[in-house]
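This report goes through selected side-chain interactions and surface features of one protein model. The sequence and structure are shown first.

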Amino acid sequence: MENELGANLHIAILDREKCHPKKCNHECQYFCPPVRSGTPTIEFPDRDLQPVINEPLCIGCGICVHRCPFGAIKIVTVPDELNHDLTHQYSLNSFRLYSLPVLNQGKVTAVLGQNGMGKSTTMKIMAGLLTPNFGNYDNPAGKEAVVKRFANSVMGDYFRGLYDDTRKAVLKDQNIDMIPRVVKGTIGEALKKRDPQGMLDEISAEMGLESSLNKEVKSCSGGELQRFAVATTLLRDADVYLFDEMSSYLDVSERIRISKIIQNLARKKTVMVVEHDLALMDWVADSVHIVYGQTGTYGIISEQRTSNKAINSFLEGYMREENVRIRSYSIDFQQKSDRRTSTGIEVASWSEMAISLGDFNLKLNPGLMRSGEVIGVLGRNALGKSTFAKILAGVISPDSGTISRTLKISYKPQYISTEYDGTVSSLLMQALRENMQNTMVKNEIIHPLEIEELYDLSVQDLSGGELQRVSIAMTLSQDADLFILDEPSAHLDSAYRMSTARIIKRVMENNRKSCL
């Protein structure tokens, strides 16, 4: 697909969830300059069908982008040489991925980048679950074309072995919150069914799952589900192990444990990880590929770097070797004073409390929260952090003890429901009402979390990161005195994690509210 009009390629992305040709006057076509001069750049196969944008004929003026009443079109200009490295495109006018990472035997290779830029697509390709089509989505050439494309590199041998079954790859998916929907019974029963090598006892001990083997999967905490998913992957006999987001919901000690397991595994196997925890990545990875581009539009996988160089480039937002700016701002860490002062008024307090949930018993010492404070809760998985949050939020009641109930509470649970049948916009409008028009909410929460671009999407179709951002925005936008956020960083990439932390701190300080 060479661009005949110059040295640049114009990528056109049509968001099919947002495009409603029956509800508009086809402004994208009517106002397009090439169409007006007789060039069929934008065509409608039928008046009620979605348009087709002919990318080689696009001049990149962006008029269709601004004229579309639903914001369904993106036009991005990239160097035409990039088109020769196109690895995969899902369909016409849709997301595309450029290049692929390189795996190294005996080392841990990592992929670092923001959500929506093709990391999970890359992992599926490396696992053999998705065959790259090199942009020929209508008539893909198949696996032989993949082997031929990479014949002059180590990845040629990799894909040849993968496709002729002489090399086996396994993938741990990122969506662990879906596990209880498809896995029934206890953790021990589920792992035993997935243990062809008879390594259940060894892996269970390694992952710290011995005490959870008799626990029903449907009642597991997020950390237990993550360890279950990793254990399931480790039980399988493979040459290549791919871990997509291995640290979400895990506490600090468990992250250290799993890092050591990954490093030991890499000594005899090939390992690749996608990870958003920069400290964990710096420790576990030998080399890192940065993924950059534009969310939902395209993703480019860079050449591999050492972990420290890659992380520094990512934080700076600029890759010096390629002379490419991947973000308009740098992520900086501010030094905090070691002196702590509490000057706000008391907004919540609780006496000594206790609760029993089956075999689990939790005791809470007396405590209080003041306005303007952000308090973190740190501890190992399955020790009661989420139970504590639910008690404060009033979701469950303690067996003994009391908590002040005179304040308004906004609560984001650990697991976020996707059962709402409607768009993000309608969900927020229903939950926030007049707060949707609040200037502070728009400028301090909605805009920094980039929620506007999700307005027309169905809640049920959101990715884990998108759903997390919507949930955080909805929680922080409520008129409340105390905000409780359980695992707000799960599924968020590094940039959004930093942004979310700043938003939480700013909202609490500016409005004299409290957050747990």
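## Aromatic cluster

In this predicted model, one aromatic cluster is formed by F134, F150, Y158, F159 and Y163. The structure as a whole comes to seven aromatic pairs. For the rings of F134 and F150, the centres are 6.2 Å apart and the planes stand at 50°, so this pair is tilted. The class follows because planes under 30 degrees apart would count as stacked and planes over 60 as edge-to-face.

F134 is found in the loop between α4 (119–126) and α5 (143–149), while F150 is found in the loop between α5 and α6 (154–163), so the pair ties together parts that are 16 residues apart in sequence. Are F134 and F150 buried or exposed? Both are buried.

## Charges over rings

Two arginine side chains are placed over aromatic faces. R36 lies over the face of Y30, with a distance of 4.7 Å from the ring centre. R327 lies over the face of F314, and here the distance from the ring centre is 4.8 Å.

## Salt bridges

Side chains of opposite charge can pair when their charged atoms come close. How many salt bridges does the structure hold? The number is 14.

K215 and E224 meet through their side chains in a salt bridge with an N to O distance of 2.8 Å. K215 has a relative accessible area of 27% and is partly exposed. E224, at 4% relative accessibility, counts as buried, because the limit for that class is under 20% relative accessible area.

A salt bridge also joins K513 to D481, and their closest N and O atoms are 3.7 Å apart. K513 lies in the loop between α18 (494–511) and β22 (514–515), and D481 in the loop between α17 (464–476) and β21 (482–485), so the pair ties together parts that are 32 residues apart in sequence. D481 counts as partly exposed, at 27% relative accessibility.

## A pair within a helix, and a network

The side chains of E509 and K505 form a salt bridge, with 3.0 Å from N to O. What separates E509 and K505 in helix α18? They are four residues apart in that helix, so about one helical turn lies between them. E509 counts as partly exposed at 38% relative accessibility, and K505 is partly exposed with a relative accessible area of 43%.

Salt bridges also occur as a network, in which R227, E254 and R257 are linked.

## Nonpolar surface patch

Which residues make a nonpolar surface patch of about 420 Å²? The patch is made by V252, I256, W283 and L378. Of its members, V252 has its place in helix α11, which covers residues 252–266.

S471 belongs to helix α17. At 6% relative accessibility, S471 counts as buried, because its value falls under 20%. Leaving aside residues up to four places away in sequence, S471 touches K412 and I416. The contacts of S471 with K412 and I416 rest on heavy atoms within 4.5 Å.

Definitions and conventions
Residues are numbered from 1 along each chain as its sequence is written. This is a predicted model: local features need pLDDT of at least 70, side-chain atom pairs count only at pLDDT 80 or more; totals for chains, interfaces and linings use all residues. Side-chain values use heavy atoms; hydrogens and water are left out. A salt bridge is a side-chain nitrogen of Lys or Arg within 4 Å of a carboxyl oxygen of Asp or Glu. Buried means under 20% relative accessible area, exposed over 50%, partly exposed in between (1.4 Å probe, protein chains only). Helices (H or I, at least four residues) and strands (E, at least two) are DSSP runs, numbered from the N terminus. Rings of Phe, Tyr and Trp (its six-membered ring) pair if their centres lie within 6.5 Å; planes under 30 degrees apart count as stacked, over 60 as edge-to-face and the rest as tilted. A charge sits over a ring if NZ of Lys or CZ of Arg is within 6 Å of the ring centre and within 35 degrees of the ring normal. Patches are made of residues with over 30% relative accessible area and no salt bridge: like charges are joined within 9 Å, nonpolar side chains (Val, Leu, Ile, Met, Phe, Trp, Tyr) within 5 Å. Accessible areas come from the Shrake-Rupley method with a 1.4 Å probe; for residues, only the protein chains shown count as cover.
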